[in-house]
Amino acid sequence: MAGETRPLDEDIGHLEMENQQAIDDSRRPSDARNPEFTVYQVRQRLRLRFTGTGGQYFRIWIVNLFLTVLTLGIYSAWAKVRTRRYFYAHTLLADLPFDYRANPWFILRGNLILGFGLLLFLALESFRPVYSGVVLAAFYAFLPFLIYKSLRFNAYNSTYRNLRFRFRGSLKESYNTYLFIPLLIPLTLGLIFPYWVFRRKKYFFENFTFGRSPNTYTGSAGPFYQVYGITGLMVILLAVVAGGGVFFFVPQPHGLALGLDDMDRFFTLLPVAGFLVAMTAFTCIQQFLFARLTNYCWDRTSVEGLCFNSSLTVGNLLWLRLTNLLGIIFSMGLLIPWARVRRARYLVGSLILFSDRSLDTFAAAEQSAESAIGEAATGFFDIDIGL
Amino acid sequence: MNTFTGTYLDGRSSKPVQVGITFEGTTLRLQDCTAVSPDIVVPLQNCSATPPLGGTRRSLILPGGARCETRDAELLALVDSHRGPAGSVRIVNFLESGWKTALACLLGLFLCLWGFVAAGIPFLAKMAAVAVPAAVTDRLSRQTLAVLDTRFLEPSELGADRSAHLQNLFHGLVDRKRSPANYRLELRKSDQVGANAFALPSGLIVMTDELVGLAANDRELIGVLAHEIAHVENRHGLRVLFQNAGTLLLVSALAGDMSSISAAGETLPTLLIESGYSRRFEKEADRAAGTYLIRMGWGTSSLQNILARLAKTAPIHPAFALFSTHPDLEERIGYLKKMDRTR
């Protein structure tokens, strides 16, 4: 199984020292303010480790589902926090866990407001279709604000070694990224789409920080165009192959009796086969994009003497996806927790941190008590944005 | 005196400090193992511990934002005994702790879902349907008819006498009803729809010329009209609307949690549940029509006959049989026959 092919059994919680020369100097972060960098001249190679298990998570998951249904959805806020806390707290870096500390009441408040908005929209759509468009437009105008707040909320509530993460992105940049650039997509016939993806990644990787300094993100739009170019070529190739296949396999009516029967069967099977091919192709492309873009973005991100290497492979991701999907289908959904744990284990295990300094030397960013309260209370919208 | 161990993190720097923790009556003393920083003494009553969660490590939450991670069960029990987790947290922990309770939750989940689909959604939809004001259903029905008129329906080609006769039959059925519905019979011709009749929520009932042509006598048409009137009377149209919305909401809420399953997996249960609801309503309308026919002393055979003829004009494709909203013909006719026998 893909998740297990990685060398997870080696004792990756330990620090592995590597000679500085062995590492590509171009990617080495330089941080002159950090004295340890100049003193020791060594670089630590740290692997992240995921220690959660499917059995444990299954019990949390099923209790969450049960209580959510029993409380007509109210509990979902608590379920969300517990789930995220489970996954964070089982992710270890240098043998110390991450943590997630959001207050479920704020998430519940956000859920209620969004749910009310959705009901309003559905009601208007049935009885006053004209106004539902207005509500939809208002939602899109509001969305960058929600995303901005959500990122801040999640960063503020994520901790490592009892230090909070921070999201430093601005509201203005959120509006640029999530409202104005998408508006340009139709005008540019979609050519700007890879650039949009690049900007979304940049907004996250540049601003989700630990410690006091901002992140450095050196990624550019070029590789995004390259990856999407390859994707486009794959789609065209697939269309040609599929079209050729249909043409080649279309039964020729030799004898009338046989021919009609074959034709009938062919046209019954065609939509099914087409659906399967399209789903497979979609999954492949999805995993390809995910692997390439995730690897690229981590490789180009550094913060205060730390940089990253993500080594996801398309093959492993596809195998993971396929086996997970089959497991979920044949267990009628009961294997979902195992699938999630396997995926988390692979994703976490694929990320390596290079550190020119000791992880002990980070300091909490200064934050007035007032803004801390604002962060916890107003950033209540917890939207999962596809990063 | 017991000494416990832990990893102290002050919340200002990322440096972990290994500490020994001693319990001194009402306070905890944290001693740096490397003896670099001075001891920290905190009253036990100001400490709490993070709630347990599936094998994750727990921490003491100390005053001032510091934390101390510990794997010492005894120490955690000590802190919990002073300021234990809330009752609700304890219930959740109990449920998550073992396989038996987890399986009980799974069973409970199925029961809840079944109850909700079988009783909860229909009940809520009924309440909602009753609450919709007549003005809204009127406008909704008129708009729907306008759309149908432009797309599928043409003006009726029945003569004035025949139309007047049908209107008389219809009024005979509805005039005695003390119902808020605004009953009206509209006759239309349609090659596309064929022999059919349907009811819109306000009491607007549409019958096609083709259906009128299919009927051998007035009683058959009365049976069909009584069936449609029952749909209006019981607000089936709006209830189906609300039930489908509710089902969609429920299924997508569940599937949202199972986001790895594609949209195809989402539509199937929705379709199945929806067709189940509609079958129930068809049966209810059949029963109402049958009761009326029996009360008139005619028996249900006229309705049975036209149903059988209707089925012949529009045979159901076997692939769609599973999703057909009208219960199987045999089942419906069998039900009507049974009504005849038990009258």
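**Two chains and their interface in a predicted model**

B:Thr7 lies in strand 1 (residues 3–9) of chain B. The model is predicted: local features need pLDDT of at least 70, side-chain atom pairs count only at pLDDT 80 or more, and totals for chains, interfaces and linings use all residues. Residues are numbered from 1 along each chain as its sequence is written, chains are lettered from A and ligands numbered from 1 in the order in which they are written, and side-chain values use heavy atoms, with hydrogens and water left out. Helices (H or I, at least four residues) and strands (E, at least two) are DSSP runs, numbered from the N terminus.

B:Thr7 has a relative accessible area of 11%, so B:Thr7 is buried. Buried means under 20% relative accessible area, exposed over 50%, and partly exposed in between (1.4 Å probe, protein chains only). The C-alpha atoms of B:Thr7 and B:Glu69 are 5.0 Å apart, although 62 residues separate the two along the chain. Contact means heavy atoms within 4.5 Å.

B:Asp80 belongs to helix 1 (residues 73–82) of chain B. B:Asp80 counts as buried because its relative accessibility is 18%. The side chains of B:Asp80 and B:Arg58 are joined by a polar contact of 3.1 Å. Such a contact is a pair of N or O atoms within 3.5 Å; within protein, one must be able to donate a hydrogen and the other to accept it, and residues adjacent in sequence count only if both atoms are side-chain atoms. Residues up to four places away in sequence not counted, B:Asp80 touches B:Ala49, B:Arg58 and B:Pro85.

B:His227 is placed in helix 7 (residues 218–233) of chain B. Its relative accessibility is 5%, so B:His227 counts as buried. The B:His227 side chain makes a polar contact of 2.9 Å with the side chain of B:Glu282. With residues up to four places away in sequence left out, B:His227 touches B:Glu282, B:Ala285, B:Asp286, B:Ala289 and B:Arg332.

Chain A contains 13 helices and 11 strands. It has 387 residues, of which 46% count as buried. Among contacts in chain A with a separation of 6 or more, 77% are between residues 24 or more positions apart.

The two chains meet through 48 residues from chain A and 48 residues from chain B. The area buried between chain A and chain B is about 3900 Å², and carbon and sulfur atoms give 67% of this area. A:Arg59, A:Arg82 and A:Asn162 supply 16% of the area that chain A buries against chain B, more than any other three residues. Buried area is the accessible area (1.4 Å probe) that two parts lose on being put together, summed over both.

Between chain A and chain B there are 4 salt bridges. A salt bridge is a side-chain nitrogen of Lys or Arg within 4 Å of a carboxyl oxygen of Asp or Glu. B:Lys15 forms a salt bridge with A:Asp360, with the closest N and O atoms 3.9 Å apart. Across the interface of chain A and chain B, 16 residue pairs are in polar contact (both at pLDDT 80 or more). Several elements of chain A each supply at least two residues of the side that touches chain B, among them helix 3 (54–70), strand 4 (96–100) and helix 10 (256–299). Helix 3 of chain A gives the largest share of that side, 13 residues.
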